[in-house]
Amino acid sequence: MSRWFSRNLIRIYAVLALIYLFIPVGYTMAFSFNDAGKRNINWQGFTLDNWKNPCGAPDICVALGNSLKIGFLSTLVATILGTMIAFALGRYKFRGRSSTNLLIFLPMATPEIVMGASLLAMFVNLNVNTGFWTTVIAHIMFCISFVVVTVKARVASLDPKLEEAARDLYANEYQTFRRVTFPLVLPGIAAAALLAFSLSFDDFIITNFNSGTITTFPKFVWISSIRGVPAQANVIGTAMFLIALFIVIAGQLIGSAKAKRKS
Amino acid sequence: MVDLTSSAVGDLQLRNITKRFADFVAVDDLTLTIPKGSFFALLGPSGCGKTTTLRMIAGLEEPTSGSIHIGDTDITHTKPYQRPVNTVFQNYALFPHLTIFENVAFGLRRRGMKDVDEAVTKVLALVELGHLKDRKPGQLSGGQQQRIAVARAIVNRPALLLLDEPLGALDLKLRRQMQIELKWIQTEVGITFVHVTHDQEEAMTMADTIAVMNKGKIEQMGSPVELYENPKTVFVANFLGQSNLIEATVQTNSGAETSVDIHGSRILLPSSRNTSSKSKVLVGVRPEKINIQTEGSSAGKNSLSGGVVTDISFVGVSTQYQVEMPWKQEIMVFEQNDGGAPNIRKGDQVTLSWEPHFTFALDSES
């Protein structure tokens, strides 16, 4: 018995750790089927009604729509700007490069509550009404750092000889970028974009300061939690989780299929 | 798109090329003509400026001063993609995201060629890798990648093909095979090959002409045989094969033969092979030219006695002896293992002898 225990200790530990990690997700999933009406706290019985009508709760899909719009816009802008910064930092030597590297890193280390509050102070001082666009600006700001760090790692691992080879083979500067550099850095850019989107979609603290009367999905959940979160929030949360899971599994499958073809 | 391929033909000329990186002079006032259609090797130790020279010809570096010409066309300041020059990079630099076919077609497509199938198929057949055209570079072995790198360059029919240590990453057996193959491809396509290497054997196997570079300058240029038999500097004598260089004093240098004194022994050499005009010279003789005999045996014309064998190593085709002379200098002697090998053991007293015409003399300071 004790030998069995010592031999399987690592497995037992792993299972317990995974259970710990996934209890909240499991709870969210289970309660998306709760026949609870407006107060989704106690188990009232199984129903598919929430899944059939995810927009059933008032304003929930308006909030979701706002989150998606803000997410897409800020991902797009942050990915473009961040990629350009990553190339500049990874490829060129210029005065102030190392201090730029440090400054890019700082927003990630700054507490969100501080950034959110100071951004709001800035918008108020500039007499800008907070709303949709101030939220987008705020999200772009904190996403850029993550994009730069992710893409820069990819740019750094790119062999400069490949670009020289392209230029040697009659590709001008634009063609070299288009045909060699960009395709090789693309996986890094895609990873950065996914990261930016999930950061933006998920953000509550900075959004809460700078979004004015606009409601995003996290803000909706926060506000409704005072009276009780509707089960539709669990449906949307579960759906987001499943979509992310699907993307990860699909990526893994494509990757291993490629690896198989290679061998 | 600018295309010089048709207009620039002829010899490659480097005129007074200098390349400076901050305080370091990589290439120092280099002037060189590489005849069209030749297989030319730039040989030298790492850091001698050979790769920088190659990169300037490719257009990947710009010379600090001087000019580069192909025939009558000045290409000093043209972009790499506007030069009729292609490079085989040291680690091949194949595009990992493209298939072998697309790698080879890359240059043709960039020059706006629509139908690349025939040219690509033909060059892949030349390097015998047509069956791998749909693979990615990561799925190929080192030798196969090397051949694709060559194919990707020569498919463009450049006026000049540059090879930057192309065989450095291969193992010895494959390297030998590729040396022969590259030489064959060069004769087949008739393109000028400029090959940069630090491997003297590789340069001698493949090149028609070798330029030995040291510290940004060319020490000596010539055919492999010329460089080996008539090294003009101490550096060349030591870099191409092994040389025994012994300090000597010139006694007479009238007429066809020069006579020098080595620690009391009189050594003769053809005056034409004395490149020094000083009285103190370094007398050189290649290890395989020397006969080794036990003390007291009859010796040839040039002989040095009083040596003691300090080491013997058997390397298959030859036996290598290390002999310490009375003036404490080690001299290398290679004897063919053709049955006539003398029975000599470590510690034996020996006499070294060789024919005067195998002897050369160099300036001692260089």
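Predicted model: local features only at pLDDT ≥ 70, side-chain atom pairs only at ≥ 80, totals over all residues.
A crossing of two helices is right-handed if the near helix is turned clockwise from the far one by less than a right angle. The crossing of H4(B) and H5(B) is of this right-handed kind. Helix H4 covers residues 142–154 of chain B, and helix H5 covers residues 172–189 of chain B. They pack at an angle of about 15°, and their axes lie 11 Å apart. Angles under 35 degrees count as roughly parallel, so H4(B) is roughly parallel to H5(B). On the H4(B) side, the contact is made by B:Gly143, B:Gln146, B:Val150 and B:Ile154. H5(B) contributes B:Leu174, B:Met178, B:Leu182, B:Ile185 and B:Val189. By class, this contact of H4(B) with H5(B) has seven nonpolar and two polar residues, with no charged residues.

Confidence comes next. The model scores ipTM 0.81 and pTM 0.79. Chain B has a mean pLDDT of 88. In this chain, 95% of the residues reach 70 or more. Residues 1–6 of chain B stay under 50 in pLDDT. For this stretch the model has eleven contacts beyond four places in sequence.

Helix H3 spans residues 117–126 of chain B. The axes of H2(B) and H3(B) come within 10 Å and cross at roughly 125°. That angle makes H2(B) oblique to H3(B). H2(B) passes H3(B) in a right-handed crossing. From H2(B), the residues B:Phe101, B:Val104, B:Ala105 and B:Leu108 take part. They meet B:Ala119, B:Val120, B:Val123 and B:Leu124 in H3(B). By class, the contact of H2(B) with H3(B) has eight nonpolar residues, no polar and no charged ones.

H2(B) also takes part in the contact between the chains. There, 17 residues of chain B are in contact with 16 residues of chain A. Two elements of chain B give two or more residues to this side: strand S6 (85–88) and helix H2 (100–110). The largest share of the chain B side, three residues, comes from H2(B). By class, the side of chain B that touches chain A has eight nonpolar, seven polar and two charged residues.

Chain A has a helix pair of its own to describe. Helix H8 (residues 160–168) and helix H9 (residues 173–202) of chain A have axes that come within 10 Å. These axes cross at roughly 140°. Angles over 145 degrees would count as roughly antiparallel. H8(A) and H9(A) are therefore oblique to each other. H8(A) passes H9(A) in a right-handed crossing. The contact is made by A:Leu162, A:Glu163, A:Ala166 and A:Arg167 of H8(A). Their counterparts in H9(A) are A:Thr176, A:Arg179, A:Val180 and A:Thr181. By class, the contact of H8(A) with H9(A) has three nonpolar, two polar and three charged residues.

The strands of chain B form sheets. Strands of a sheet pair through backbone hydrogen bonds, either parallel or antiparallel. One open sheet has four strands in the order S2-S1-S4-S5 (chain B), and the pairing is antiparallel. Its edge strands are S2 (24–34) and S5 (73–74) of chain B, each pairing on one side only. Strand S1 (residues 12–21) of chain B pairs with S2(B) in the antiparallel sense over seven bridges. B:Leu12 has B:Ile34 in S2(B) as its bridge partner. B:Arg20 stands opposite B:Val25 in S2(B). S1(B) and S2(B) form a hairpin with two residues between the strands. In this hairpin, B:Ala22 takes a positive phi near 50°.

Another open sheet has five strands in the order S15-S19-S16-S17-S18 (chain B). Here too the pairing is antiparallel. The edge strands are S15 (291–294) and S18 (330–336) of chain B, and each pairs on one side only. Neighbouring strands of this sheet are turned by 45° against each other on average, direction ignored. S15(B) pairs with strand S19 (residues 349–354) of chain B in the antiparallel sense over four bridges. Within this pair, B:Ile292 stands opposite B:Leu352 in S19(B).

Terms used:
Residues numbered from 1 in each chain as written. Chains lettered and ligands numbered in written order. pLDDT = per-residue confidence, 0-100. Contact = placed C-beta atoms within 7 Å. Axes fitted to C-alpha atoms, helices over the stretch in contact; angles between N-to-C directions. Parallel < 35°, antiparallel > 145°, perpendicular 65-115°, else oblique. Nonpolar A, V, L, I, M, F, W, Y, C, P; charged D, E, K, R; others polar. Pairing = 2+ DSSP bridges.
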